Amino acid sequence: MDQKGETGWNLATIPTLKHNDKLVHMVNAKYPGVKADDKFNLLWIGLIDQEQSGNFKWSDGYTDVGYFNSTKNTGNGQFGLLNKNSGDWRMRNSLTFQARGLCSRARTCRDISTEINQGKVTFSTDDVDNLVEGTTAKVTCDKKCKIRPKKSGKLTCIGGQWNGNDIMPGCKCKKKKDKKNGN
């Protein structure tokens, strides 16, 4: 799924009922109709519950499960599927169940301007609510501070993450000497 210049694909994360309804509408516009075979009707999504303990997570690793579309048909299992016709979610234990996957890719990065201590962030756009793919961020440190790791002060939004991995640089500053104690 990941291709040069287009990284960050995951099985779909569905954070709200609105997103769930939008996905059902989009999939049915492209693939209409109910089929007798569930491998046409069900689509893998990024919902996981490895221990089947009711502790659901999204496979993207950072989105909380605040919405869960539980119905009488949800069942128990480790891996989630979306019924493209009803919007219901199903849980299955088998990764060998044949179904298509529903993938998503974040297109915007978060505002990191408050995450850099002893420095500031300048974006290539003035619209911090729309830091889309390709937006750059330049991190500059205060006087007597240096960027760490070295040469990490320029970031690019790739697949919803800064530099494609969300590893942030920091500013390392020299400690001030205490003139009273000679330290």
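Cys 145 and Cys 173 are joined by a disulfide, S to S 1.9 Å, in this predicted model. The link is right-handed, with 100° about the S-S bond. It connects distant parts of the chain: Cys 145 sits in strand β10 (residues 145–148) and Cys 173 in strand β13, 28 residues apart. Cys 145 is buried, at a relative accessible area of 15%. Cys 173 is partly exposed, at 27%.

The disulfide count comes to three. Here are the pairs.

| Pair | S to S distance | Torsion about S-S |
|---|---|---|
| Cys 109 and Cys 157 | 2.3 Å | about 95° |
| Cys 141 and Cys 171 | 2.2 Å | about -85° |
| Cys 145 and Cys 173 | 1.9 Å | 100° |

Strand β13 (residues 170–173) also holds Cys 171, whose partner Cys 141 lies in strand β9 (residues 136–141), 30 residues apart. Cys 141 is partly exposed, with 23% relative accessibility. Cys 171 is buried, at 13%.

The disulfide of Cys 109 and Cys 157 is right-handed, because its torsion is about 95°. Cys 109 lies in the loop between β7 (103–105) and β8 (119–123), and Cys 157 in strand β11 (residues 154–158), so the pair ties together parts that are 48 residues apart in sequence. Both cysteines of this pair, Cys 109 and Cys 157, are buried.

Counting bonded cysteines along the chain, the pattern is 1-4, 2-5, 3-6.

Cys 103 is partly exposed, with a relative accessible area of 28%.

Methods. Residues numbered from 1 in each chain as written. Predicted model: local features only at pLDDT ≥ 70, side-chain atom pairs only at ≥ 80, totals over all residues. Heavy atoms only, no water. Disulfide = S-S within 2.5 Å. Helix = DSSP H or I, 4+ residues; strand = E, 2+ residues; numbered from the N terminus. Buried < 20%, exposed > 50% of the residue type's maximum accessible area, 1.4 Å probe, protein only.
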